[in-house]
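Biologist: I'd like to learn how to read a model like this one. Could you walk me through it, feature by feature?

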Amino acid sequence: MYFFLACLFAGVSAHAEPHPIVCGVAKGYPPYQFRDESGRPIGLDVEVLSQVFTIIDVPYRFEQKDWDDVVANLRYGDLDCAIGMEMSEIRLESFDFSVPYYIREISLFLLEREARIETLDDLVWRVIAGDRHSAVEEYFSEIGLKNKIRIIQTNSKDESMRLLKEGRVTALIAPKAVGFYLAKKHEVQVKTLPLPLTASPVGIAVKKGNGALLKKINDGLEKLKQQGKLEPIINRWRQ
């Protein structure tokens, strides 16, 4: 009897569905990752990862959170991956990244009527909305500016754009596509301040040391490129 039960449970276990890969996605980062009207995750990064896991036939699901929560949950093992993360030296200490699948152009957005800010030095003692541990933040540290300004993190770029519109922050650090998308949505007239650091490579992040998952993701990205499906996704969302 015990032998029969052991064999029965072994058989059930052998045919159990594999656990899906759980990947974190931000709420308000259009056109890269955001929510549709029904609350489902959509965007460039969402579509890329969906195609990657479909190609390699791996079950997956998304968990949509504030970006800081996505990063923290990945660091502490509550997520398997995070999509569309910009690579920076400090993030490489905690995460391993897939091969980059596109480059984001980063800009500093200000209200068009703002006449006092013409150079980065004019930002001293101002409040700026930005991302924690971004490449821009690293650059500000290198030039000695980070300690002379206040960088705040919001729950989403959408919220940051509202703060800019209301005059509660002087500037917003965001990818060009995100900034102009949100400026149009909120009917804000904006201008950009050139940054010497204008581009940031983007990949899919996994927890440090998770080489098995990273290999699967890289294999899927390579197949997506070979099949000619990656560029059309990128071009469609960035139009």
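Modeller: Let's start with aspartate 45, which counts as buried at 0% relative accessibility. Buried means under 20% relative accessible area, exposed over 50%, and partly exposed in between (1.4 Å probe, protein chains only). Before going on, note that this is a predicted model, where local features need pLDDT of at least 70 and side-chain atom pairs count only at pLDDT 80 or more, while totals for chains, interfaces and linings use all residues. Residues are numbered from 1 along each chain as its sequence is written, and side-chain values use heavy atoms, with hydrogens and water left out.

Biologist: Where does aspartate 45 lie?

Modeller: Aspartate 45 is in helix H2 (residues 44–55). Helices (H or I, at least four residues) and strands (E, at least two) are DSSP runs, numbered from the N terminus.

Biologist: And which residues is aspartate 45 in contact with?

Modeller: Contact means heavy atoms within 4.5 Å. Leaving aside neighbours within four places in sequence, aspartate 45 is in contact with Tyr32, Gln33, Ile83, Gly84, Tyr101, Tyr102, Arg104 and Val202.

Biologist: Next, disulfides. How many does a search of the whole structure find?

Modeller: The general idea first: a disulfide is a covalent bond between the sulfur atoms of two cysteines. Here the term stands for a pair of cysteine sulfur atoms within 2.5 Å. The search turns up 1 disulfide, and it joins cysteine 23 to cysteine 81, with S to S at 2.2 Å. Cysteine 23 sits in strand E1 (residues 21–26) and cysteine 81 in strand E6 (residues 81–86), so the pair ties together parts that are 58 residues apart in sequence.

Biologist: Are cysteine 23 and cysteine 81 buried or exposed?

Modeller: Both cysteine 23 and cysteine 81 are buried.

Biologist: What about polar contacts? Which side chain does glutamine 64 reach that way?

Modeller: A polar contact is a pair of N or O atoms within 3.5 Å; within protein, one must be able to donate a hydrogen and the other to accept it, and residues adjacent in sequence count only if both atoms are side-chain atoms. Glutamine 64 is in strand E5 (residues 60–65) and is buried, at 16% relative accessible area. Its side chain makes a polar contact of 3.3 Å with the side chain of arginine 35. A polar atom of the glutamine 64 side chain also lies 3.0 Å from the backbone oxygen of phenylalanine 34. Not counting residues up to four places away in sequence, glutamine 64 touches residues including Val25, Ala26, Gly39 and Pro41.

Biologist: Can we try another strand? What does isoleucine 173 touch?

Modeller: Isoleucine 173 belongs to strand E11 (residues 171–175) and counts as buried, at 6% relative accessibility. Beyond residues up to four places away in sequence, it touches Ile106, Leu108, Val136, Phe140 and Lys157, among others. Lys157 is itself one of the buried residues of helix H5 (residues 157–165), along with Asp158, Ser160, Met161, Leu163 and Leu164. Just after H5, glycine 167 takes a positive phi of about 80°.

Biologist: Zooming out, how many helices and strands does the protein chain have?

Modeller: There are 8 helices and 13 strands. Buried residues make up 47% of the 239 residues. Of the contacts between residues at least 6 apart in sequence, 73% join residues at least 24 apart. The C-alpha atoms fill a box of roughly 80 × 35 × 30 Å along the principal axes.
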